[in-house]
Amino acid sequence: MRKYHIHTFGCQMNEHDSEIIGGILEQRGFGATDSVDDADIIIFNTCCVRENPERKVYGRVADLKRLKLKNPDLIIGISGCMAQQPGETERIAKRLPHVDLVFGTMNIHELPELLDQVEAGHKSYRVWEGDLENDGSFMEGLPMRRVPGVSAWVSIIYGCNNFCSYCIVPYVRGRERSRKFEDVVAEVKGLGKEGFREVVLLGQNVNAYGRDLKDGRDFADLLHALDKTSGIYRIRYMTSHPRDFTDKLIHEIASSETVCEHFHLPLQAGSNRVLARMNRGYTLEYYLDLVHRIRQAVPGCSITTDLIVGFPGEDDRDFDETLRAVEEVRFDSAFTFVYSPRRGTAAASMPNQVSDSVKSERIQKLVNLQNTITEEINRNLKGEVVEVLVEGMSKTNPDMLSGRTRTNKLVVFPHHPTARKGDPVKVKIIETRAWTQLGEVVSV
Ligand code: SAH
Ligand code: SF4
Ligand code: F3S
């Protein structure tokens, strides 16, 4: 049997696209392999949100030349967001001439046709050209090879209309297209029947869900409809934009049984001047008030965030305001990024780009502060009994099981005769650390 290997970079949306690419390849008779060495087709599903992942792709694919020399029939493909960037196919053709196949984020459904061309001995490069408007319906009904386990990804909206000035995503994922309400509900029902216990609803801006459908139903209505799905214990979603987080949504989450008490709300920066130049559409005061309303409605919830340091024009005072905001909100954890200029975005041509040395000084300070806060918050968990959904054996220690709390904290604990994969169990936290909490099962 011919084998395929997919290497995925970037966010969950890309991971989920890789499940579709895998499904299409399996339908064609390929079987999965973990190793590039015995693969007949290798696909890099790429990310371009920052420069680093891009550089890695060019490096890794260049390395594959040695395999291609050994096996001229090997098919090497590049897909995903990096491939979809304007001018990227030309760059790939020039710098990585041994690549046979390139397809963009909105061409996944054309993969069978593209593979026909490659197998007939031609190179096949196809990305979405022209305007990035389309209805997204071509993504319906594609085969899918889901990573087996407890949790499943479900797309609810593709694309992004926000054009935050630093961000490449709207240029490579196109305009917002919501999947039909009934299609999402049916998919989640099916997942409950298949034995999945958690779904993660995916979109660059999930709380824009429904705007383009014009049937009057929004993200809160979708959560409401999914709350009654049999077999599904937990619903998560990624990512929500603070600007679009309505009181209706807060109250839906507060009253829902399955939607988890975890809010990932990317703040990006604490300075209103920077937020305005980022085109985020809110002020720090708005954000703090939102956090306050959420904490009142959902006591005990966790709040996490994304932060960028070194945005063009960010001065010491602006950065200080990010630190103050972090102290004020006390996030459970944060993904922290150094600003990376992206070709074609508004911020890339803004004046006063921040030097690398200042950026690294700032990120270090921010990471140190957040780590201290994360550890302090987690320390308070000691002695608490929390619900953990058992995901399986711990990745780092086969003697332990691991799972997450509803607030999305990772917990490891010794095996227990009645704690099986997919079960929600009560675990008492006995030792806390920055990233993993240690516990023991108290009841099943
Ligand atoms: N749609 C999501 C985020 C997608 S990208 C949202 O709006 O929340 C994930 C994170 O990468 C962003 O939240 C941002 O913090 C970071 N990011 C995006 N573009 C970046 C850039 N050019 N440089 C550094 N970080 C960036
Ligand atoms: Fe990028 Fe902003 Fe859209 Fe998120 S909301 S994907 S940061 S443009
Ligand atoms: Fe990267 Fe594309 Fe996701 S740019 S972060 S893989 S949407």
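Biologist: Let's start with S13 and S14: in which sense do they pair, and over how many bridges?

Modeller: Strands here are DSSP runs of E with at least two residues, and helices are runs of H or I with at least four, all numbered from the N terminus. Two strands pair if DSSP finds at least two bridges between them. In S13 and S14 the sense is parallel, and the number of bridges is six.

Biologist: Before we go on, what kind of model is this?

Modeller: Residues are numbered from 1 along each chain as its sequence is written, chains are lettered from A and ligands numbered from 1 in the order in which they are written, and side-chain values use heavy atoms, with hydrogens and water left out. Local features need pLDDT of at least 70, side-chain atom pairs count only at pLDDT 80 or more, and totals for chains, interfaces and linings use all residues, since the model is predicted.

Biologist: Which residue in S14 is the bridge partner of Thr305?

Modeller: S13 also has a neighbour in strand S12 (residues 262–264), parallel to it and joined by three bridges. There, His264 stands opposite Thr304 of S13. On the S14 side, Thr305 has as its bridge partner Ala334.

Biologist: How many of the residues of S13 are buried?

Modeller: Buried means under 20% relative accessible area, exposed over 50%, and partly exposed in between, using a 1.4 Å probe and protein chains only. One face of S13 holds Ser302, Thr304, Asp306 and Ile308, the other Ile303, Thr305, Leu307 and Val309, and both faces are covered. S13 is largely enclosed by the rest of the structure, because the buried count is eight of the eight.

Biologist: Which residues are the closest to ligand 1?

Modeller: A residue counts as near a molecule or strand if one of its heavy atoms lies within 4 Å of it. The shell around ligand 1 has seven nonpolar, four polar and four charged residues. Of the 15 residues that surround ligand 1, the closest are Arg50, Gln204, Gln268, Asp306 and Ser340.

Biologist: How far is a polar side-chain atom of Gln268 from an oxygen atom of ligand 1?

Modeller: A polar contact is a pair of N or O atoms within 3.5 Å; within protein, one must be able to donate a hydrogen and the other to accept it, and residues adjacent in sequence count only if both atoms are side-chain atoms. Arg50 puts a side-chain N or O atom 2.9 Å from an oxygen of ligand 1, while a polar backbone atom of Ser340 is 2.8 Å from a nitrogen of ligand 1. For Gln268, the distance is 2.7 Å.

Biologist: And which elements give two or more residues to that shell?

Modeller: The protein covers 90% of the 540 Å² of accessible area that ligand 1 has on its own, with areas from the Shrake-Rupley method and a 1.4 Å probe. The elements that give two or more residues to the shell are strand S13 (302–309) and strand S14 (333–338).

Biologist: Between which domains does ligand 1 lie?

Modeller: Domain bounds come from an automatic or database domain assignment. Both domains in question give residues to the shell, so ligand 1 lies between domain 2 (149–260) and domain 3 (261–379).

Biologist: Over to the other sheet: what is the order of the strands in the open sheet of six?

Modeller: Strand S1 (residues 3–8) runs parallel to S3, with five bridges joining them. Strand S3 (residues 41–46) runs parallel to S4 over six bridges, and S4 is joined to strand S5 (residues 101–103) by three bridges, again parallel. The open sheet has the order S2-S1-S3-S4-S5-S6.

Biologist: Which strands stand at the edges of that sheet?

Modeller: Each edge strand has a single partner strand, so one side of each is left without a neighbour in the sheet. The strands at the edges are S2 (31–32) and S6.

Biologist: How many residues of S4 are buried?

Modeller: One face of S4 has Ile75, Gly77 and Ser79, the other Ile76, Ile78 and Gly80, and both are covered. Strand S4 (residues 75–80) is mostly covered, and the buried count is six of six.

Biologist: Last one: which side chain makes a polar contact with the side chain of Ser124?

Modeller: Ser124 is found in strand S6 (residues 124–126). Ser124 counts as buried because its relative accessibility is 1%. At 2.7 Å, its side-chain contact is with Gln117.

Note on methods:
Nonpolar A, V, L, I, M, F, W, Y, C, P; charged D, E, K, R; others polar.
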